[in-house]
Amino acid sequence: MKLILIDACMRDGESRTRRILEPLMSELGKRYEIETVVLDGEDYQAVGRRVLAERGEGHVPEVIAEQARRLAAADRIVIAAPFWDMSFPAILKVFIENMSLFNITFKDNGTYFEGLCRCEKVLYITTRGMNVKTGEPMEGATPYIKAIGALWGLGEVITVAAENLDYSTPEEVDERINAAVAQGLEICREF
């Protein structure tokens, strides 16, 4: 079975999100073949007027179309990204825009869209500096991922988060990250 990891952890070695991600991926690696897509801001271009016009003429770079096909064929998707500006880093949105391709990740029948992805579960791993919980109005990432999941035909979206890390002692940060890892490992059993 194939799992695609979309890694938008921007701080590498000091990434608190990566501290949750790594043990979960180690566990999932026991059951899945993992392809990692590292987003660093260099590989994907925002879908602006030019790119949109090219798409309208049927021109999509093959490297983008091939990545979207692999994403559509994945059995599971894991997204790791910190909480930035009430959502996630812009590069993740840019990646999603690039992968949102007609007749690859979704299609429509003239009345309504239909998702073409086979993924049954998405795991979204995040850390938040602020005391913002998943599902609160100020947390924009999970609702967006669920919305794109509806468009693409993705299954259940599960969020694992550690919150209030910027206003905690180092010991409290460790406790919250360890609690998120424990929660994530439990989720991995059924993922």
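**A walk through the sheet, its helices and its cores**

Hi everyone, let's start at one residue: Leu 151 sits in helix α5, which covers residues 141-152. Please keep in mind that this is a predicted model. Leaving aside residues up to four places away in sequence, Leu 151 touches Ser 100, Thr 105, Phe 106, Phe 113, Glu 114 and Gly 115. Ser 26, on the other hand, is 125 residues from Leu 151 in sequence and 30 Å from it in space, C-alpha to C-alpha.

As a quick reminder, strands of a sheet pair through backbone hydrogen bonds, either parallel or antiparallel. Let's go through some of the pairs here. Strand β1, residues 2-7, pairs with β2 in the parallel sense over six bridges, and Leu 3 stands opposite Ile 34 in β2. Strands β1 and β3 also run parallel, joined by five bridges, and here Leu 3 stands opposite Arg 76 in β3. Next, β3 and β6 pair in the parallel sense over five bridges, with Val 122 in β6 as the bridge partner of Ile 77.

On to the cores. The largest nonpolar core has 36 residues, and those with the most contacts inside it are Ile 6, Leu 39, Ile 77, Leu 92 and Trp 152. At least two residues of this core come from each of β1, α3 (62-73), β3, α4 (90-99), β6 and α5. Which helix gives the most to this core? That is α4, with six residues.

Take Ile 6 as an example. Not counting residues up to four places away in sequence, Ile 6 touches Val 37, Leu 39, Leu 71, Ile 77, Val 78, Ile 79, Ala 80, Leu 92 and Phe 95. Apart from this core lies another, of 24 residues, and among them are Leu 3, Leu 123, Val 160 and Leu 165.

Last stop, helix α6, residues 170-190. Its 21 residues reach 31 Å from the first C-alpha to the last, close to the 30 Å expected at 1.5 Å a residue. Buried in α6 are Val 173, Ile 177, Ala 180, Val 181, Gly 184, Ile 187 and Cys 188. Seen down the axis of α6, the buried residues fall within an arc of 125 degrees, so they line one face of the helix. What covers them includes α1 (16-28), β6 and β7. On the other side of α6, Glu 171, Glu 175, Arg 189 and Glu 190 are exposed.

Key
Residues numbered from 1 in each chain as written. Predicted model: local features only at pLDDT ≥ 70, side-chain atom pairs only at ≥ 80, totals over all residues. Heavy atoms only, no water. Helix = DSSP H or I, 4+ residues; strand = E, 2+ residues; numbered from the N terminus. Contact = heavy atoms within 4.5 Å. Pairing = 2+ DSSP bridges. Expected span 1.5 Å × (residues − 1). Buried < 20%, exposed > 50% of the residue type's maximum accessible area, 1.4 Å probe, protein only. Arc of directions from axis to C-beta. Core = buried A, V, L, I, M, F, W, Y, C linked by side-chain atoms within 4.5 Å.
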